[in-house]
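The exercises below ask for a careful reading of one protein model, with a worked solution after each task.

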Amino acid sequence: MNKPLFAATAAVALLLANAAPAAGALKTAVFAGGCFWSAEHDIEHAKGVKSVVVGYAGGASTRPTYQNHEGHLEAIKVTYDPAQTSYSLLVANFFHNIDPTDPNGQICDQGPSYRTAVFVDGPTERAAAEAVKVQVAKELGKPVATKILPAATFHMGEAYHQDYAKKNPAAYNAYKVGCGRAAALKAVWKRS
């Protein structure tokens with residue numbers, strides 16, 4: 001691979017991804033970050049994020065449910081204002097709230113539906129996501145298992161899963177503590 005060409009291509013893609021579109025034009029991004037309750041909870045307060053919904057992406061079924069979503073990843077669809085944040089910053093925020101080195105899931109949630117991914121819509125998003133992934137690998141000093149995948153149909157999850165942490169704070173916190181999520185992410189990212 002021609003490293004200077006790759007670096008130049010990545011730089012141009014980042015510039016394009018960071019260019020602010022017309023005011024009021026919201027965009028969406030889809031991420032699979034393990035348990036969708038945690039992925040939603042961890043990104044919903046990021047700068048520029050307007051809403052987050054949970055669901056399923058990446059599988060062949062046209063009607064996945066929580067009880068039957070084989071082949072799909074638990075995912076979140078983030079609506080954001082690109083005048084307030086860039087796609088690259090949103091991807092970086094996502095990466096910093098997961099363990100991107102785990103190829104089998106997230107912390108206590110292991111298995112195919114809990115694997116991590118960034119679903120990209122086109123070459124500009126792909127270049128931006130790949131550049132962030134490279135930076136994350138350098139920061140961690142380890143290979144990143146999170147996949148960069150082509151955009152897939154996002155299927156909204158059941159109503160009782162939406163805003164789960166807000167609607168059920170005691171149950172969510174019990175899950176989060178029991179799972180050891182905070183300690184695991186602190187160790188991955190060497191946070192104090």
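This is a predicted model: local features need pLDDT of at least 70, side-chain atom pairs count only at pLDDT 80 or more; totals for chains, interfaces and linings use all residues.

Residues are numbered from 1 along each chain as its sequence is written, and side-chain values use heavy atoms, with hydrogens and water left out.

**Exercise 1. Describe the surroundings of strand β6, and state which strands pair with β6 and in what sense.**

Step 1. Begin with the inventory: the protein chain has 7 helices and 8 strands, where helices (H or I, at least four residues) and strands (E, at least two) are DSSP runs, numbered from the N terminus.

Step 2. Turn to the pairing, for which DSSP must find at least two bridges between two strands. Strand β1 (residues 27–33) pairs with β6 in the antiparallel sense over 4 bridges, and Gly-33 has Thr-116 as its bridge partner in β6. Strand β7 (residues 147–150) pairs with β6 (residues 116–120) in the parallel sense, again over 4 bridges; here Val-118 is partnered by Ile-148 and Ala-117 by Lys-147.

Step 3. Check burial (buried is under 20% relative accessible area, exposed over 50%, partly exposed in between, with a 1.4 Å probe and protein chains only). Because 5 of the 5 residues of β6 are buried, this strand is largely enclosed by the rest of the structure. In a regular strand the side chains alternate between the two faces of the sheet. Thr-116, Val-118 and Val-120 lie on one side of β6 and Ala-117 and Phe-119 on the other, and both faces are covered.

**Exercise 2. How many salt bridges does the structure hold, and where do their partners lie?**

Step 1. The structure holds 3 salt bridges, each being a side-chain nitrogen of Lys or Arg within 4 Å of a carboxyl oxygen of Asp or Glu.

Step 2. Arg-181 forms one of them with Asp-42, their closest N and O atoms being 2.9 Å apart. This pair links distant parts of the chain, with Arg-181 in helix α7 (residues 181–189) and Asp-42 in helix α2 (residues 36–43), 139 residues apart. Arg-181 is buried, at a relative accessible area of 3%.

Step 3. Glu-44 and Lys-166 meet at 3.7 Å, N to O; Glu-44 is in the loop between α2 and β2 (49–57) and Lys-166 in helix α5, 122 residues apart. Glu-44 counts as buried at 14% relative accessibility, while Lys-166 counts as exposed at 53%.

Step 4. Glu-130 and Arg-126 meet at 3.5 Å, N to O, and both lie in helix α4, 4 residues apart, about one turn of the helix. Glu-130 is partly exposed at 27%, as is Arg-126 at 30%.

**Exercise 3. Glu-158 is buried yet has no salt bridge; which side chain makes a polar contact with Glu-158?**

Step 1. Glu-158 is placed in the loop between β8 (154–156) and α5 (164–167).

Step 2. The nearest side chain of opposite charge, Lys-167, is 11 Å away; Lys and Arg count as positive and Asp and Glu as negative, with His and the chain ends not counted.

Step 3. The side chain of Tyr-56 is joined to that of Glu-158 by a polar contact of 2.6 Å, a term for a pair of N or O atoms within 3.5 Å in which, within protein, one must be able to donate a hydrogen and the other to accept it, residues adjacent in sequence counting only if both atoms are side-chain atoms.
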